[in-house]
Amino acid sequence: MDKLSALPPLARLRAFEAAARLESFTVAADELHLTQTAVSKQIAALEEYLGVSLFERRNRAVFLTEEGRRLGRVVSVALSDIALEAARLRGATPSNELVLHCQLCEAFYWLMPRLSRFHERHPSLELRVISASAPLSEASEPFDIALQTSGRAAGTAQLAFSADDEVFPVASPDLIAGRTLPMSIAELNDLVRLVHRVTPQAWMDWDAWFAALSVKADAARRTMAFDSFPLVLQAAVAGQGVALGWRRSVEGMIAEGKLVRLCEESVHRADELSVYRGRRSDKEEAIEALLSWLRDELD
């Protein structure tokens, strides 16, 4: 049988790829300039053609099944390769740069101070960093490698490896002037708690931190909430309260004396950060070089 005779219609594959990458029929419809109903019908037709469910539909949300995730990776790479070859045939010159999509906080506090080491090791490679607060599944342009907190939506991106991190309270030295360090957990209740509040709550919050230590969390006298973790850290540096700090993000500010670690207790997170491979496949050697460097830096 001709292999191409088993190929589903391209319109169904495009709708599926966008919905799988974005993990949303509605957002995929916006990207493709279609209605949500049209995208849903295309995917339903593809599922009927294949005889498997590609998505679980629950409470107006959709989640990839294992079959959907596998197909999504294949389709994403295939469509990306087709677009790349079409660009070549049109005479367009593909960029030589690598694109690293990085979660905003890690991009600013962890990656930036280390980039010179990457360029020293690989002076011939160009690196473009895209920072984002939205999950990887909502990435608006192709990338080669991505870094974000484990557990956040990643669409069809392929996991390369994970790295650990450590979470503990930090504050400005001015805020705790006159106090003896390390502080007890009970003493934390005297300080304003800076809260990173988002939906879904993909990052550890204060309640989860206390629970991980098997400690009963007393209510803080006052809290101050932010929708961005960099804002939480800046509020801590400004002396507004005490924040939960991820070691990889705050170690530089601790070394500079902008923040101090308040207590000995901490929560170790074995797979806190995840590094993903993107859908592009035309720069394998350069991508492996970037992956190797990230492994070394995150070791």
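## Leu71 and helix 4

Leu71 lies in helix 4, which spans residues 66-89. The model is a predicted one. Setting aside residues up to four places away in sequence, Leu71 touches Phe16, Leu46, Leu50 and Leu54. Leu34 is 37 residues from Leu71 in sequence, and the C-alpha atoms of the two are 22 Å apart in space.

## The chain as a whole

The chain has 299 residues, of which 46% count as buried. Its secondary structure comes to 10 helices and 11 strands. Along the principal axes, the C-alpha atoms fill a box of roughly 80 × 50 × 30 Å.

Among the contacts in the chain with a separation of 6 or more, 77% are accounted for by residues 24 or more positions apart.

## Helices 2 and 3

Two packed helices are described by the angle between their axes and the distance between the axes. Helix 2 (residues 25-32) and helix 3 (residues 36-50) have axes that come within 8 Å and cross at roughly 110°. This angle makes helix 2 roughly perpendicular to helix 3.

On the side of helix 2, the residues that meet helix 3 are Phe25, Thr26, Ala28 and Ala29. Their partners in helix 3 are Gln36, Val39, Ser40 and Ile43. Sorted by class, this contact has 5 nonpolar and 3 polar residues, and no charged ones.

## The loop at Asn59

Asn59 sits in the loop between strand 1 (55-58) and strand 2 (61-64). Is Asn59 buried or exposed? Asn59 is exposed, at a relative accessible area of 79%. Ala20 is 39 residues away from Asn59 along the chain, and 17 Å separates their C-alpha atoms.

## Helix 5 against helix 8

Helix 5 (residues 104-111) and helix 8 (residues 229-237) form another pair, with axes that come within 8 Å and cross at roughly 50°. Helix 5 contributes Leu104, Cys105 and Tyr109 to the contact, while helix 8 contributes Phe229, Pro230, Leu233 and Gln234. By class, the residues of this contact divide into 6 nonpolar, 1 polar and no charged.

Helix 5 is mostly covered, with 6 of its 8 residues buried. These are Cys105, Glu106, Ala107, Tyr109, Trp110 and Leu111. In helix 8, the buried residues are Phe229, Pro230, Val232, Leu233, Ala235 and Ala236. The cover over them includes helix 5, strand 6 (158-171), strand 7 (193-196), strand 8 (223-226), strand 9 (243-246) and helix 9 (247-255). After helix 8 comes Gly239, which has a positive phi, near 80°.

In soluble globular proteins, nonpolar side chains tend to be buried together. The largest nonpolar core here has 36 residues, and Trp206, Trp209 and Leu262 have the most contacts inside it. Two or more residues each come to this core from helix 5, strand 6, strand 7, helix 7 (206-212), helix 8, strand 9 and helix 9. Which element gives the most to this core? Helix 8 does, with 5 residues.

Apart from its neighbours within four places in sequence, Trp206 is in contact with Pro169, Leu188, Arg193, Leu194, Val195, Val242, Ala243 and Leu244. A second, separate core has 24 residues, including Phe118, Phe161, Ile287 and Leu291.

## Cysteines

How many disulfides are there? The count comes to 0. A disulfide requires two cysteine sulfur atoms within 2.5 Å. For Cys102, the closest cysteine sulfur is that of Cys105, 9.3 Å away and therefore too far for a bond. For Cys263, the closest cysteine sulfur is also in Cys105, at 19 Å, so that pair too is too far apart for a bond.

Cys102 is buried, with a relative accessible area of 0%. Cys263 also counts as buried, at 2% relative accessibility. Cys105 is one of the buried residues of helix 5 and takes part in the contact of helix 5 with helix 8.

Conventions. Residues numbered from 1 in each chain as written. Predicted model: local features only at pLDDT ≥ 70, side-chain atom pairs only at ≥ 80, totals over all residues. Heavy atoms only, no water. Axes fitted to C-alpha atoms, helices over the stretch in contact; angles between N-to-C directions. Helix = DSSP H or I, 4+ residues; strand = E, 2+ residues; numbered from the N terminus. Contact = heavy atoms within 4.5 Å. Nonpolar A, V, L, I, M, F, W, Y, C, P; charged D, E, K, R; others polar. Buried < 20%, exposed > 50% of the residue type's maximum accessible area, 1.4 Å probe, protein only. Core = buried A, V, L, I, M, F, W, Y, C linked by side-chain atoms within 4.5 Å. Parallel < 35°, antiparallel > 145°, perpendicular 65-115°, else oblique.
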